[in-house]
Structure formats: structure tokens, C-alpha cells
Amino acid sequence: MQVMELLAVAVVILLFFMILKQFGLWEPLSLDDSSDGGLELYVVRHQPEGLEELQSQTQFSRKELQSLYRGFKNECPSGLVDEETFKSIYSQFFPQGDASTYAHFLFKAFDTNRSGSIRFEDFVIWLSVLLRGSVTEKLRWAFNLYDINKDGLITREEMMAIMKSIYDLMGRYTSPSLREDVSREHVDRFFQKMDRNGDGVVTMEEFIEACQKDEEIMSSMQLFDNVI
């Protein structure tokens, strides 16, 4: 597998670990919480769904959800994360580059209802998928990230945009520096691997099948396991 293809997977993992740290969730979640009630709700503009409902939608325990909510609430008292806040979080970790475009794509992958903000429910449901979901669930999430316009297909233009956003993110640490022909070569290799029927687009089925046959991608997926 080519370096940029691995980098694309690694950046997804790296950025997600960073948001865990930003929200105070990097350390293992404490199961020592004496509160047995539901989520502690303060006066905010958005109040999350009930604890039982979130338990049924995720693979987190009651105690874990309570700890996750406290971390989320500390950073986002309103109960919502807008795109500018999301971009600001990532810019702190990549001062040498421009994280805004990649953060925009990542934000859209979380904001599935296209409301313009990420709720705690959105955050914790996708966190559950990435950390405790099956390989197929994780790959579906990655496909959704690359499918920028959410039409169920990855086009060459979308992959070019993703590749450019990764180069922009890494900034001066990217070597060689981005040239359009180099970026196009990476996209060509992606489509040679993924576009099984040669119709110029990659479907979710093609993406999942190709990834599951790639040992390095499967190893990357395992980095999500047992983070919390």
C-alpha cells in the first residue's frame, strides 16, 4: 500500500485521538463514579437524549457515558460544537499547516443530520462505532468521510480534495510538497485498488471489499481498539 493511502487512514486515527484528548477523554474512563442517575444536565441550549437511549445506540456502559458527557460538557457548555469550534480544536495540533479543510470534511462526517453542529449524541454514537464497532462499521464511517457530497459514491474529484486537505494539514512537514501530478498519481492508485468495475467511481461495497483484503488497512483499524 502506498504511503499517502496509509497516511489518509492514519490521519483519521490521529485526529480522532486528538479530539479525545481535547475533550479530556484520553485517560481510561473511570468506573468509580458514585452517581447512578442519568446524565447530569445543566442549563444549556441542547440537552442530550436519556442515558438508556444512548446505551441502546452505543456500546458504552452507563458509567462511561456519564464520564464522556462530563468531558464534552466541560469543553462545550452549550451542548453543541459548531464547525468553527471544531476547526479551532484541530488547528491547535497542526500549527504548521492549514487544518481547516480536513476539519471541515471530518465535521461533515459527524454532522450526519446536517444541522451545522455536533450534538453529544452524534459525538458518542460515532465514537462508539470508531472505538468499538466492527471493522465493517469503521470502514463505512471512513467511506462517509471520503464521500464529500454524501451521494454514496467516491469520485476522483472527492479523493483529490481529500488528498489536498491532508497535504494542507501536514504543512511544511509534507515531503515532497504537493504537486497536482503527484496528487493525481495517488488518486489513480486509489482507484486502481478500489474501483473494481472500472466505472470511474467507488461504491461503499467496493471500498469495504478492497479494504478488507488489505492487511495494512486492517492493522490500522485495530489501532482504534481499547482506547477507552
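**Exercise 1.** In this predicted model, determine which kind of contact joins the side chains of Asp188 and Arg156, and where in the chain the two residues lie.

*Solution.* Start with the distance: the N to O separation between the side chains of Asp188 and Arg156 is 2.6 Å, which falls within the 4 Å cut-off, and the contact is therefore a salt bridge.

**Exercise 2.** Work out how Lys164 and Asp168 are separated along helix α8, and whether each is buried or partly exposed.

*Solution.* The closest N and O atoms of Lys164 and Asp168 are 3.0 Å apart, and the two residues form a salt bridge. Because they are four residues apart in helix α8, about one helical turn separates Lys164 from Asp168. With buried meaning under 20% relative accessible area, Lys164 at 43% counts as partly exposed, and Asp168, with 23%, is partly exposed as well.

Salt bridges with shared partners also occur, joining Glu83, Glu84 and Lys87 into one network.

**Exercise 3.** Describe the salt bridge between Glu83 and Lys87, and state how many salt bridges the whole structure contains.

*Solution.* Glu83 pairs with Lys87 in a salt bridge whose closest N and O atoms are 3.3 Å apart. Both residues lie in helix α4 (residues 83-93), where a spacing of four residues means that about one helical turn separates them. A search of the whole structure finds 10 salt bridges.

Notes: Residues are numbered from 1 along each chain as its sequence is written. This is a predicted model: local features need pLDDT of at least 70, side-chain atom pairs count only at pLDDT 80 or more; totals for chains, interfaces and linings use all residues. Side-chain values use heavy atoms; hydrogens and water are left out. Buried means under 20% relative accessible area, exposed over 50%, partly exposed in between (1.4 Å probe, protein chains only).
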